[in-house]
Amino acid sequence: MSKSFKKVLVSLLVGASVLAFAGCSSSDKTALKAAVSGEINGGGSTSVQKIIDAAGSEFTALNPDAKFTYSGTGSSDGIKGAAADTYSFGCSSRDLKTEEQPGLKVATFAYDGIALIVNPANTVTNLTKEQLTKIFTGEITNWSEVGGADAPIVVVSREDGSGTRSATEELLGFAEKLKADATIKEGNGNVQTTVAGNANAIGYVSLTFVDKTVTAVNVNGVKATVDNVLNKTYTLSRPFLIFYDEKKTDPATQAFIDFLMSEDGQKIVTKEGGITVSK
Amino acid sequence: MEAIKRKKLRERIIENIFLLCACVAVISLLAITFFVFYNGLAPFVSNSYSLWSFLTGVEWRPGSNMYGIFYMIVGSVLATFGAILIGVPVAILTAVFIAEMAGSRAGKVIRFAVELLAGIPSVLYGVFGLGIIVPYVLKISPMAQGESLLATVFVLAIMILPTVVSISETSLSAVPKEYREGSYALGASKIQTIFRVVLPAAKSGIMTGVILGIGRAIGETMAVMLVCGNPIAGIPTSLFSQIRPLTTNIALEMGYASGVHQELLYSTGVVLFVFIMIINFAVNRIVKTKVGN
């Protein structure tokens, strides 16, 4: 065995053990720092439920004395509940209105981007928000009207009550005006499969669901990417907010929010399909 | 004396255990019925939505307080009818082949295949439908999407095969040998015997199979949800129209619904329940006439 190879091996081993120890100490620290007890009951947006539930169960695993519940009742309810102290924290998947803000301490813990997807065979690469609204309400029904081939547009939407649907409706302004013969698919995955299988289809999914089988069109000339969501040039995005009554500092809730914003918490955000704020 | 008493006691205990087990089914039925009807009739009792607009409406927009299920009833009925129209002849002829014509080996293979078909989870039928049937329908469809009444009919027709085949086959096999021998003795061919003697003799059993097949088709949810399109409005006007059956309406939205919206999803369940009950009563009647024969 050559000397230099031995050196490399040794340094690798040392490096690995240092990393392993570093891993140990950091998780020990989190556990020590966040060892809290008490009841945390949150409520609000259903869109964030997956992330918050996952973070909550991780948090209670680290803090066995803490009790955690989250009820998905809608963003507006979360804001009201947090202000009225019926929830120890609230979550919303939209920005707060100015009249809603007083008295609340707000933090953004994740972003969600919505991609408008078409079949890869489609030649249309860019659509304006206005065109998109018209497509989803049925005013534009042929791809040739937006610079594509002469073919009917197949609109694919989500089921009523879906967070992605309500966000898209809000951002594009077609709430309750979806055309009657739109195909409704349950879940992001089904929308993606449908668009992948139909050359004339258009649908919308959470950014994480865009893959090689579908093409995300540019909206107002901006590409749908995580970076463009973060620098706010891609406008079909929404923040996931967490907030609580600033007069009522509850250590357990504060510890949970700290955990959510920590590296471990942000890992859960990514795992559950959100865009982290730490980037 | 003691021994007899003990034996009797044991018999009673065992009998009661059986009764208890039997009660599980009955109690479940009562609980489900009560639950669905209690929730489903609430919006009409409290007058938060009119029963008439619910049953005759052709648009389902919960956000605009429009909850019409008439187009869903039409969709469910048409899909079931289509599935029966295609599935039943295929199933009956399969049953005839297994019971009357196939050598024991071929019959065994086909019976095994049909049994396997029954064991495939319904969501896989849906995935198959979405991946194979929907694109094929799209090729021949004048519409721009393949999700349609026709695709639903095809998927359901395959799904009801196992039910109809196995029940028909059992009743064909139960036709006494003497019937066939009598027919042959009169000089009838095998085909004549099957169609003129055996099938009529097994009629009520086959009808039971068909009706259970209807029940399966109208109640199917997961597979259908993937291939039917689920539009928010519109009575289907052609085989290529999208449909939204009653079952998928419940499955799609129950996860998020609250308030009147949720109650009206239960009401959709009540309508479905009524359909299934009618079918079950029909089965019972047919089974009774069979006993009468």
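What follows is a friendly chat about a predicted model with chains A and B.

Q: What should I know before I start?
A: This is a predicted model, where local features need pLDDT of at least 70, side-chain atom pairs count only at pLDDT 80 or more, and totals for chains, interfaces and linings use all residues. Residues are numbered from 1 along each chain as its sequence is written, while chains are lettered from A and ligands numbered from 1 in the order in which they are written.

Q: Okay, chain A. How many helices and strands are in there?
A: Chain A has nine helices and 12 strands. Helices (H or I, at least four residues) and strands (E, at least two) are DSSP runs, numbered from the N terminus.

Q: And how much of chain A counts as buried?
A: For chain A, 44% of its 279 residues count as buried. A residue is buried if 20 or more other C-beta atoms lie within 10 Å of its own, exposed if 12 or fewer, and partly exposed in between, with C-beta atoms placed from the backbone.

Q: How is chain A divided into domains?
A: Domain 1 covers 3–111 + 239–276, and domain 2 covers 113–237. Those bounds come from an automatic or database domain assignment.

Q: How many residues are in contact between the two domains?
A: Seven residues of domain 1 of chain A are in contact with 10 residues of domain 2 of chain A. Two residues are in contact if their C-beta atoms, placed from the backbone, lie within 7 Å.

Q: Which classes are on the domain 1 side?
A: The side of domain 1 of chain A that touches domain 2 of chain A has two nonpolar, five polar and no charged residues. Here Ala, Val, Leu, Ile, Met, Phe, Trp, Tyr, Cys and Pro count as nonpolar, Asp, Glu, Lys and Arg as charged, and the others, Gly among them, as polar.

Q: Let's look at strand E6 of chain A. Is it mostly covered or mostly open?
A: Strand E6 (residues 154–158) of chain A is mostly covered, with five of its five residues buried. Val154(A), Val156(A) and Arg158(A) are buried on one side, and Val155(A) and Ser157(A) are buried on the other.

Q: Which strands does E6(A) pair with?
A: E6(A) pairs in the parallel sense with strand E8 (residues 201–206) of chain A over two bridges, and in the parallel sense with strand E7 (residues 183–185) of chain A over three bridges. Two strands pair if DSSP finds at least two bridges between them. Val155(A) stands opposite Ile202(A) in E8(A), and Arg158(A) stands opposite Lys185(A) in E7(A).

Q: How does the chain get from E6(A) to E7(A)?
A: The chain crosses through helix H5 (residues 163–172) of chain A, and this β-α-β crossover is right-handed. That term applies if, with the strands pointing away from the viewer, the path from the first strand over the helix to the second runs clockwise.

Q: What about the loop between H5 and E7 of chain A?
A: Glu176(A) has its place in that loop. Phi of Glu176(A) is near 65 degrees, a positive value in a residue other than glycine. Glu176(A) counts as partly exposed because it has 13 C-beta neighbours inside 10 Å.

Q: Where does Ala255(A) lie?
A: Ala255(A) lies in helix H8 (residues 251–261) of chain A. With 21 other C-beta atoms within 10 Å, Ala255(A) is buried. Ala255(A) and Val36(A) are 219 residues apart in sequence but 7.5 Å apart in space, C-alpha to C-alpha.

Q: Switching to chain B, what is it made of?
A: Chain B has 12 helices and two strands. Its C-alpha trace spans about 70 × 70 × 30 Å along its principal axes. Buried residues make up 38% of the 293 residues in chain B.

Q: What does UniProt say about chain B?
A: An unreviewed UniProt entry places the feature "transmembrane region" at several spans of chain B, including residues 16–38 and 69–98. UniProt positions are given in the numbering used here, feature names are shortened, and annotations may be inferred rather than shown by experiment. In the model, residues 16–38 of chain B are 100% helix, with end C-alpha atoms 31 Å apart. Residues 69–98 of chain B are 97% helix, with end C-alpha atoms 41 Å apart.

Q: Last one: how many residues does each chain bring to the contact between them?
A: The contact takes 25 residues from chain B and 21 residues from chain A. On the side of chain B that touches chain A, the largest share, four residues, comes from H5(B).
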